[in-house]
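Here is a short tour of one protein model, written for someone new to reading structures.

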Amino acid sequence: MAANPNARRFPEGFLWGAATAAHQIEGSPMADGAGPSIWTRFAHTPGMTVNGDTGDVACDHYNRWKDDVALMASLGLKAYRFSTSWSRILPDGTGRVNQKGLDFYSRLVDELLDKGIEPLLTLYHWDLPAALDDRGGWLNRDVADWFAEYGSVLYRALDGRVKKWVTLNEPWVVTDGGYLHGALAPGHRSKYETPIATHNLMRAHGAAVKAYREIGKHEIGLVVNIEPKYPNTQSPEDLAATKRAHAYMNEQYLDAALLGKYPPELKNEIFGDAWPEWADEDYALIKQKLDFIGINYYTRSVTQATDSYPLKAGAVRQKLGTYTETGWEVFPQGLTDLLVWAKDRYGNLPTYITENGAAFFDPAVAEEGRVRDPLRMGYLKKHLTAIRDAIDQGCDIRGYMVWSLLDNLEWSLGFSKRFGIVHVNYGTQERTPKDSARWYSKAIETHGASI
Ligand SMILES: CO[C@H](O)c1c[n+]2c([nH]1)[C@H](O)[C@@H](O)[C@H](O)[C@H]2CO
């Protein structure tokens, strides 16, 4: 049968994988000498998560890691993006290394390599050691040294087996959720703390990259979430609001990391007197050469002027839009648009889509062991096609990590939202590949031709 003429293939070496994060899947947060993280505390604080759900068990990956790697291999994954728990490695955040914590990740990496799956390791996916939060956490300038120390422990232990490192996952979510609006750990709500947390996150990113250049021999990058903003109308107010929202969510972190400066809107239009003047040496630390960037994409925002604090911008629900269970519009064109924007603004750095996926209401596991999730299959198909369109426009896209391998703990939303291509029965911990997993396996096997 002739190959589908429309099946433009993905570049040779395109990395097909799936992503997870430590707090969301591991469980056993205090096992084998680990220390608590801010999420251990936050989730155990009444009212902070849906149904009071915590990461005490999650997907029990801490005990089921070997079977989960076998599951990844059965799906034909070529890569697996995961995060390490800082407080498993350094229970106090700095100083004493917990060898059993390090051994867990060393065994996981060896098993991945043994199955021909490339590990992509994220140092920080939101679970700061509680001991460091007690010392100010991301508000303490010393956190840059603390983070570089943590990264260095892992670089020395795993570099060479791990060849693609990520410093931070989505600094925007850490600051907007954890310091401005308080929906995420550590649950602060301060316009004055937010810029300080932002800046220290980026200083820590720079310090960790500098440390890697001394120790590591492979690649390191930064992962950001990008949500393209489209003006609801061409009114001056909506255009200004869209520009503000774009600067705040999309430009802020990559501009700091790659251009050595923040967008002017942050001080002039959003934070005002809450935006400190940073020293030049801070910018020099933040702006480090990166080997790649990771972009997490889920949705776009049609944006209008509102009285929201402090951004004065908000999203307009699209009457004819299709929305996921998390209330995000399905808009694959936004992925193409943002990849072309990033190429043009930052010089076409090697780029991985480090997260893309959707939560839909999935039916229970059927008798024959199937989980029919056509909406998720359609979402993945549309977004992989959008990536091919961006590649055709010259974007250097190197890989795609579907979010997520497993249904897992969706932070403050608990277990109420399912993003996995594999269903998890949280009562029995049974894993069942959904139809989307079978579809994704075929896409990987045909290098995209079956999409
Ligand atoms: C604001 O959406 C972000 O791009 C985003 C979405 N997501 C994320 N970031 C996080 O990196 C994951 O831990 C979440 O589980 C996942 C699904 O919510």
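A salt bridge here is a side-chain nitrogen of Lys or Arg within 4 Å of a carboxyl oxygen of Asp or Glu. With that rule in hand, you can find a network of salt bridges that links Asp362, Asp373, Arg376, Asp407, Arg418 and Lys434. This is a predicted model, in which local features need pLDDT of at least 70 and side-chain atom pairs count only at pLDDT 80 or more, while totals for chains, interfaces and linings use all residues. Residues are numbered from 1 along each chain as its sequence is written, and side-chain values use heavy atoms, with hydrogens and water left out.

**Salt bridges**

- Side chains of opposite charge can pair when their charged atoms come close.
- The count by this rule comes to 30 salt bridges.
- Asp407 lies in the loop between E11 and E12, and Lys434 in the loop between strand E13 (430-433) and helix H15 (435-445), so the pair links distant parts of the chain, 27 residues apart. Helices (H or I, at least four residues) and strands (E, at least two) are DSSP runs, numbered from the N terminus.
- Are Asp407 and Lys434 buried or exposed? Asp407 counts as buried, at 0% relative accessibility, and Lys434 is buried with a relative accessible area of 0%. The cut-offs are under 20% relative accessible area for buried, over 50% for exposed, and in between for partly exposed (1.4 Å probe, protein chains only).
- Glu251 and Arg345 also meet through their side chains in a salt bridge (3.3 Å, N to O). This pair links distant parts of the chain, with Glu251 in helix H10 and Arg345 in helix H13, 94 residues apart. Glu251 is buried at 10% relative accessible area, whereas Arg345 is partly exposed at 30%.
- Asp92 forms a salt bridge with Arg96, and their closest N and O atoms are 3.3 Å apart. Asp92 counts as partly exposed at 35% relative accessibility, and Arg96 is partly exposed with a relative accessible area of 47%.

**The nonpolar core and a loop residue**

- A nonpolar core is a set of buried Ala, Val, Leu, Ile, Met, Phe, Trp, Tyr and Cys residues joined through side-chain atoms within 4.5 Å. The largest one has 145 residues, and those with the most contacts inside it include Trp86, Trp138, Phe147 and Leu339.
- Helix H7 (residues 143-158) provides the largest share of this core, 10 residues.
- What does Phe147 touch, not counting residues up to four places away in sequence? Its partners include Trp86, Leu123, Trp138, Leu168 and His205. Contact means heavy atoms within 4.5 Å.
- Phe415 is found in the loop between strand E11 (397-403) and strand E12 (422-425). The C-alpha atoms of Phe415 and Asn51 are separated by 8.6 Å, although these residues are 364 residues apart along the chain.
- Beyond its neighbours within four places in sequence, Phe415 is in contact with Asp53, Thr54, Ala58, Asn408, Leu409 and Tyr426.

**The largest pocket**

- Rolling a probe the size of a water molecule over the atoms shows where empty space is left.
- On a 1 Å grid over the protein atoms alone, a cavity is a set of points where a 1.4 Å probe fits but cannot get out, and a pocket is an open set with protein on both sides within 12 Å along at least five of seven lines; lining residues have an atom within 4 Å of a point.
- The largest pocket has a volume of about 1,200 Å³, where a volume is the space filled by probe spheres set on grid points joined across faces, edges and corners.
- Of the 50 residues that line the largest pocket, Trp172, Val173, Glu227, Met249 and Trp328 are the closest to its centre.
- Helix H8 gives the most to this lining, with five residues.

**The cavities**

- How many cavities of 30 Å³ or more does a search of the whole structure find? There are four.
- The largest cavity has a volume of about 120 Å³. Among its 13 lining residues, the closest to its centre are His23, Pro29, Ser37, Ser85 and Arg88.
- The second largest cavity has a volume of about 80 Å³. Helix H13 gives the most to its lining, with four residues.
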